[in-house]
Each structure stands twice: as C-alpha cells, then as structure tokens.
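Grab a pencil and open the viewer. Try each exercise yourself before you read its solution.

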Amino acid sequence: MRFPPPQARCETIAGKRVLFVMAIEDEYGPHLQSRFTPLMTGVGPVEAAMSASLALQHLHQHDALPDLAVSLGSAGSRTCQLGEVYQVASVSWRDMDASRLGFTKGVTPFLDHPVDLPLHTPLALPTARLSTGANIVGGDEYALIDADMVDMETFAIARACQRFAVPLMGLRGISDGPGELDDMLGWTQLLTLLDERLAIAVDSLADALDPLSR
C-alpha cells in the first residue's frame, strides 16, 4: 500500500518560502491558525523524521523546497521562564548513546555531526539550547540533560532539513518544567498563552527575513 506524502505548504514571507513544522493540533491554536498552515509530523523523533523527510522530498521533486523551515511548539524546562518563547540556539539528541563503543554521547556513529547542531536565530528573542528525545521529561530527570529545554521532534526535523540543505530555526514556548509533570493538564494549561506568543514571534519573521530591513 502506498501512502501520500504529508501535506506541506510553504508560506511566502518577505519573498521567502517558509515551511512551518509542528507536532500536533493541540499546539496549533487560533492565533497560529490565522497565520500559516503547518506540516504536522506527529509526536516523537521517529514520526518527525519520517514526516519531514517525506514532505521535503515531495517539495524537492516539485522544485519548491523552502528557503527556511521553522520548527515550533511547546517545550519543557527547569531554567527557562514558563510561558515565554525562546529561539533554539542549538539542538541535541539525548537518546543517542553509543559511548560504550567509544563514540561521544549524542553523536550518531559514523556520522560527522556535533553533539549540538546550531540552528538559525534571526529574531530578537532570547536563545536557549534544546534537547530532543523520545521521552516526556519531568522531575529530577532534568538534571541529567545538558540543555535548557526539552522537546521530542526538533533534532529529527533538523537532520531531515540537512539532507535537503534547508536552513532550520526553532521557536519553543515553555509549557512545563518546574515541579513534576503528572498529567496532560500540566502540559496543556499554558498552550493558549503560548499560541498567542508564538504568533507574535512568527509576525517578527517578516522584518528578520527582509534584506532591506538589515
């Protein structure tokens, strides 16, 4: 059985093709809905890598690759401020650990990539380091992660973008972190606020991407 490629539609901002990438509808509130239609990948690095790669391949075949991809949504953190939006300075993969064979933790064996992949940071927003993994982080687990924020998709999207030489930036709103994350409410209660604040950040892309504004 053949499946159609994930739906990916680029928006035109300051004359540039921009592809917005999100995980799930819960993070895609009315403020963001009024601004763009994202590629929805699903949750976790496997779904994100698969969806982003298929979508970018489809765009490549139609000579319509984006000039910039933007991964955005929520993140957890114990050091960043709840409800605030941060640019992703760099992203790492906390699941990858081949250190028993002599490889640096976080580096995929036989691939030449740093532990922290730097992302584009064109906006006048605070930056923070992000860690991607397949687990929901909470409580004391934060102490084991060498990053400011955690999510479940951005590193996978970054690797897909690298395959097609598409620059990637990340925007993450802090939805949880202080205290233990016990249920869905602990994650969802700030999503309405983050929808509004992420939309404001998206609005500032036009000036950042316009060469005449520099």
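**Exercise 1.** Work out which residues threonine 154 is in contact with, leaving aside its neighbours within four places in sequence.

*Solution.* Start with contact, which means heavy atoms within 4.5 Å. On that basis, threonine 154 touches Ser71, Val91, Leu119, Leu130, Thr132, Leu168 and Arg172. Next, look at the side chains: threonine 154 and serine 71 are joined by a polar contact of 3.1 Å. (A polar contact is a pair of N or O atoms within 3.5 Å; within protein, one must be able to donate a hydrogen and the other to accept it, and residues adjacent in sequence count only if both atoms are side-chain atoms.) Finally, threonine 154 has 0% relative accessibility, so it counts as buried; buried means under 20% relative accessible area, exposed over 50% and partly exposed in between, with a 1.4 Å probe and protein chains only.

Before you go on, some ground rules: this is a predicted model, where local features need pLDDT of at least 70, side-chain atom pairs count only at pLDDT 80 or more, and totals for chains, interfaces and linings use all residues. Residues are numbered from 1 along each chain as its sequence is written, and side-chain values use heavy atoms, with hydrogens and water left out.

**Exercise 2.** Threonine 154 is found in helix H3; explain why this helix is largely enclosed by the rest of the structure.

*Solution.* Helices (H or I, at least four residues) and strands (E, at least two) are DSSP runs, numbered from the N terminus. Now list the buried residues of H3: Thr154, Phe155, Ala156, Ile157, Ala158, Ala160 and Cys161. That's 7 of the 10 residues in 154-163, so the rest of the structure largely encloses H3.

**Exercise 3.** Find out where the buried residues of H5 fall when you look down its axis.

*Solution.* First, pick out the buried ones in H5 (residues 191-203): Leu191, Leu194, Asp195, Leu198, Ala199, Ala201 and Val202. They sit within an arc of 160 degrees, so they line one face of H5. (The arc is that of the directions from the helix axis to the C-beta atoms.) Then check the other side of H5, where Thr192 and Ile200 are exposed.

**Exercise 4.** Describe how the rings of phenylalanine 20 and phenylalanine 36 pair up.

*Solution.* Rings of Phe, Tyr and Trp (its six-membered ring) pair if their centres lie within 6.5 Å; planes under 30 degrees apart are stacked, over 60 edge-to-face and the rest tilted. The structure holds 4 aromatic pairs. In this one, the centres are 4.0 Å apart with 15 degrees between the planes, and the pair is stacked.

Definitions and conventions. Expected span 1.5 Å × (residues − 1).
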